[in-house]
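Subject: Structure handover and notes

Hello,

Here is the structure to be handed over. Please look through it before reading the notes below.

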Amino acid sequence: MHNQFTNALVRVPANTAHQGLTSRGHLGIPDQQLTLAQHAEYVHALLELGVEVKALDPSVNFPDGHFVEDVAVIYRDLAFITNPGAPSRREEVAATKDGLAQDHRVELSGRAFLEGGDVLYLADDVVLIGVSERTNREG
């Protein structure tokens, strides 16, 4: 699979990132300064690859908001605007989708729940979507 991405949408982690969802409670509270440093390194790496980066402002209302790939799953020329299974992330969708071009968007709603962390790209035409606490079969 060879894809050359030319654009990336990111959100700077908010100072509430330590309040985000986690299934790894044993890891402790995230270090905010380390989170910001790692995010800056990520953006720098994208820029070094020639990717145009659009950065959304941090939002204290969305502790998980810097994981934009969870609410906007990109496949080829389509942007799937997800309907997160975690209720605390649903309002985040509107704040993220505004950063994406309106054409080629597919929006999930109703009882179809999907979170980008449950999506795995194996090849150009093979995508696996796992069913989890946050993604159901309808998604």
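What follows is a summary of the findings, from the whole chain down to single residues.

This is a predicted model, in which local features need pLDDT of at least 70 and side-chain atom pairs count only at pLDDT 80 or more, while totals for chains, interfaces and linings use all residues. Residues are numbered from 1 along each chain as its sequence is written, and side-chain values use heavy atoms, with hydrogens and water left out.

Overall

The protein chain has 2 helices and 7 strands, in the order β-α-β-β-β-α-β-β-β from the N terminus. Helices (H or I, at least four residues) and strands (E, at least two) are DSSP runs, numbered from the N terminus.

Along the principal axes, the C-alpha atoms fill a box of roughly 40 × 35 × 25 Å.

Of the 139 residues, 35% are buried. Buried means under 20% relative accessible area, exposed means over 50%, and partly exposed is in between (1.4 Å probe, protein chains only). The accessible surface is about 9,000 Å², with 53% of it belonging to carbon and sulfur atoms. Accessible areas come from the Shrake-Rupley method with a 1.4 Å probe; for residues, only the protein chains shown count as cover.

Among contacts with a separation of 6 or more, 68% are between residues 24 or more positions apart. A contact means heavy atoms within 4.5 Å.

The chain carries 11 positive and 20 negative charges, and their mean positions are 7 Å apart. Lys and Arg count as positive and Asp and Glu as negative, with His and the chain ends not counted. Each charge is placed at NZ of Lys, CZ of Arg, CG of Asp or CD of Glu.

Strands

Two strands are taken to pair if DSSP finds at least two bridges between them.

Strand S1 (residues 7-11) has 4 of its 5 residues buried, so it is largely enclosed by the rest of the structure. S1 runs parallel to strand S2 (residues 52-56), with 5 bridges joining them. In this pair, Val10 stands opposite Ala55 in S2.

Strand S3 (residues 72-75) is antiparallel to strand S4 (residues 78-81), and 4 bridges join the two. Ile74 stands opposite Ala79 in S4. The two strands S3 and S4 form a hairpin with 2 residues between them.

On its other listed pairing, S4 is parallel to strand S5 (residues 105-107), over 3 bridges. Here Ala79 stands opposite Arg105 in S5. The covered face of S4 consists of Ala79 and Ile81, and the uncovered one of Leu78 and Phe80. In a regular strand the side chains alternate between the two faces of the sheet.

Strand S6 (residues 119-123) pairs with strand S7 (residues 126-129) in the antiparallel sense, over 4 bridges. Val119 stands opposite Ile129 in S7. S6 and S7 also form a hairpin, with 2 residues between them.

Helices and loops

Ala37 is in helix H1 (residues 32-48) and counts as partly exposed, at 36% relative accessibility. Ala37 lies 16 Å from Leu56, C-alpha to C-alpha, with 19 residues separating them in sequence.

Thr96 is in helix H2 (residues 92-97) and is buried, with a relative accessible area of 1%. Not counting residues up to four places away in sequence, Thr96 touches Leu9, Arg11, Leu56, Val68, Val71 and Ala72.

Arg76 sits in the loop between S3 and S4 and counts as exposed, at 57% relative accessibility. Although Arg76 is not a glycine, it has a positive phi of about 55 degrees. Most residues other than glycine have a negative phi.

Gln102 is in the loop between H2 and S5 and is exposed, with a relative accessible area of 68%. The C-alpha atoms of Gln102 and Ala79 are separated by 9.1 Å, and the two residues are 23 residues apart along the chain.

Regards
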